[in-house]
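Here is a note for a colleague who is opening this model for the first time. Please keep the structure in view while reading the points below.

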Amino acid sequence: MGFAKWVSLILVLCVFDPIPIFSDSTISSPSDFLNFAKKPELFDWMVGIRRKIHEIPELGYEEFETSKLIRAELDKLGISYKYPVAITGVIGYVGNGKPPFVALRADMDGLPVQEMVEWEHKSKIPGKMHACGHDAHVAMLLGGAKILKEHEKELQGTVVLVFQPAEEGAGGAKKILEAGALENVKAIFGLHVQHNLPLGEISCKSGPILAGSGFFEAVISGKGGHAAIPQHSIDPILAASNVIVSLQHLVSREADPLDSQVVTVAKFQGGGAFNVIPDSVAIGGTFRAFSKEGLLQLRQRIEEVVTRQAAVQRCNASVSFFENEKVLFPPTINHESLHEFFLKIAGEMIGRHKVKEMQPLMGSEDFAFYQEHLPGYFYFLGMENKTVASLETGHSPYFQVNEDALPYGAAFHASLATTYLFEFQQQVSSQEAKYHDEL
Ligand SMILES: *[C@@H]1O[C@H](CO)[C@@H](O)[C@H](O)[C@H]1NC(C)=O
Ligand SMILES: *[C@@H]1O[C@H](CO)[C@@H](O)[C@H](O)[C@H]1NC(C)=O
Ligand SMILES: [Zn+2]
Ligand SMILES: [Zn+2]
């Protein structure tokens, strides 16, 4: 056996050393949490909640019915909460009411997508759908809360349950922070379901995992006229076309090739007839980077390139970055020490070979706002079961959740929070002991 194997064997042995978290010993390890969460009574309860929420998708900051349903379940569980926080948000508390505090987050919003999946619990709201799995995220966090509540007396601190609005672009996480809901919280954990990762597997990584992002829209104005007499017009279509080409040079010529960035123009609206040069053209899109500096730099250069390139063709341009409605998302960066902690729990719960290293993506998550303020960890939970069906990607009108993933989410939530509080207290008492020895 080589050295590396010895080291990994030792690591495995350490990981599987059972830590008695609860003294009643019904649950003493992360895998016990998973078995508990798979019990039919808990599983069926989560499935029921997820289906109810799936039928009534609500967009960001409009999650009133979803929020009401969550509060009704928290009431039944005897879990206290604050409401409203950030318009529709709910913040629940399980534990002894004392520090340390650790937070678990679920997003509640649906998308402006017409559901195309024909099934019993199809969205009842035309043009709206839970196409990103946030209905499952809510059910998982309620499942985790139920497990935690059943062991509340043994929690060594307080778990803060964050049901946040408006993940899809409108920065609900930012509003939760601004409401002061996470003051004194030591760490926060969040998850997202993943359609193409096998059920029972996890994908995770330390450091940057998702890009920061922003949106822009520009109106390029010229002077409309007859398409056959261009000399009497100022053509905004040509100017906008040159703007789009120039914008592509920001990433290819100005960004560090080793620092991934994206600028995409995804919207181009202008003109309506074959023989009329229009007055103006609107273009819009998104920009992405893995650092806040990269994002701010892109934002500044997009504005300069649009206005100056438009001026080359005698057009005027104005650029909007939606400062109020669509906020600039920071990159999602997982805290290094929480990564080690997470790997230990995940390895114990599902086996280390099912914990996959994630490839960073240019997508973004508003969970990143939390991580700007406190150590946070975001991970992906597999849902794919090829023997049943292959699942469509998030935001597709054909998106489906594999409900067999619900117990995994609930078990991860409960296990991470419980162990985090337990280990935090252990560290505090060992530090105190050291302090007394030194005295
Ligand atoms: C651009 O703005 C200037 C200053 O407001 C104005 O004089 C000019 O007519 C505008 N040009 C176009 C093409 O709109
Ligand atoms: C996949 O689904 C089938 C049918 O429901 C089930 O028997 C099997 O256990 C599932 N696989 C996993 C990994 O849960
Ligand atoms: Zn989404
Ligand atoms: Zn999502």
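How many nonpolar, polar and charged residues does the shell around ligand 1 have?

1. Ligand 1. By class, the shell has 2 nonpolar, 3 polar and 2 charged residues. Ala, Val, Leu, Ile, Met, Phe, Trp, Tyr, Cys and Pro count as nonpolar, Asp, Glu, Lys and Arg as charged, and the others, Gly among them, as polar. The residues around ligand 1 are Ser221, Gly222, Lys223, Ile234, Arg314, Cys315 and Asn316. A residue belongs to such a shell if its C-beta atom, placed from the backbone, lies within 6 Å of the molecule.

2. Basis of the model. This is a predicted model, in which local features need pLDDT of at least 70 and side-chain atom pairs count only at pLDDT 80 or more, while totals for chains, interfaces and linings use all residues. Residues are numbered from 1 along each chain as its sequence is written, and chains are lettered from A and ligands numbered from 1 in the order in which they are written.

3. Confidence. pLDDT is the predictor's confidence in each residue, from 0 to 100. The protein chain has a mean pLDDT of 93. In 92% of its residues the value is 70 or more. Residues 1-19 are another matter: pLDDT stays under 50 there. For this stretch the model has 8 contacts beyond four places in sequence. A contact means that the C-beta atoms of two residues, placed from the backbone, lie within 7 Å. Where pLDDT is low, predicted coordinates should not be read in detail.

4. Ligand 2. Leu199, Gly200, Asn385, Thr387, Val388 and Asp404 surround ligand 2. By class, this shell has 2 nonpolar, 3 polar and 1 charged residues.

5. Domains. The domain assignment gives domain 1 (17-209 + 331-435) and domain 2 (212-320). Such bounds come from an automatic or database domain assignment. The domain centres, taken over C-alpha atoms, are separated by 39 Å. How many residues of domain 1 are in contact with domain 2? There are 5, and they meet 7 residues of domain 2. On the domain 1 side, 4 of the touching residues are nonpolar, 1 is polar and none is charged.

6. The annotated segment. An unreviewed UniProt entry carries the annotation "domain: Peptidase M20 dimerisation" over residues 212-310. UniProt positions are given in the numbering used here, feature names are shortened, and annotations may be inferred rather than shown by experiment. Over residues 212-310 the chain is 38% helix and 34% strand. The end C-alpha atoms of this segment are 27 Å apart. Helices (H or I, at least four residues) and strands (E, at least two) are DSSP runs, numbered from the N terminus.

7. Leu238. This residue lies in helix α7 (residues 236-254). The rule is: buried if 20 or more other C-beta atoms lie within 10 Å of the residue's own, exposed if 12 or fewer, and partly exposed in between, with C-beta atoms placed from the backbone. The C-alpha atoms of Leu238 and Lys68 are separated by 51 Å.

8. The unreviewed UniProt entry places the feature "binding site" at Cys132, His134, Glu168, His192 and His395. They span 264 residues in sequence, but no two of their C-alpha atoms are more than 13.1 Å apart, so they gather at one spot. Cys132 sits in the loop between β3 and α5 (134-150). With 24 C-beta neighbours inside 10 Å, Cys132 is buried. Beyond four places in sequence, Cys132 is in contact with Leu111, Glu168, Gly394 and His395. His192 is in strand β5 (residues 185-198). His192 is buried too, with 22 C-beta neighbours inside 10 Å.

9. Backbone points to check. Most residues other than glycine have a negative phi, and most peptide bonds are trans. A cis peptide bond joins Tyr83 and Pro84, with omega about -10 degrees. Pro84 belongs to strand β1 (residues 80-85). Another cis bond runs from Pro99 to Pro100, with omega near -5 degrees. Pro100 is in the loop between β2 (89-95) and β3 (101-107). Ala86 has a positive phi, near 55 degrees. Ile87 has a positive phi of about 75 degrees. Ala86 is in the loop between β1 and β2, and Ile87 is in the loop between β1 and β2. Ala86 is buried, with 23 other C-beta atoms within 10 Å, whereas Ile87 is partly exposed, with 16 neighbours inside 10 Å.
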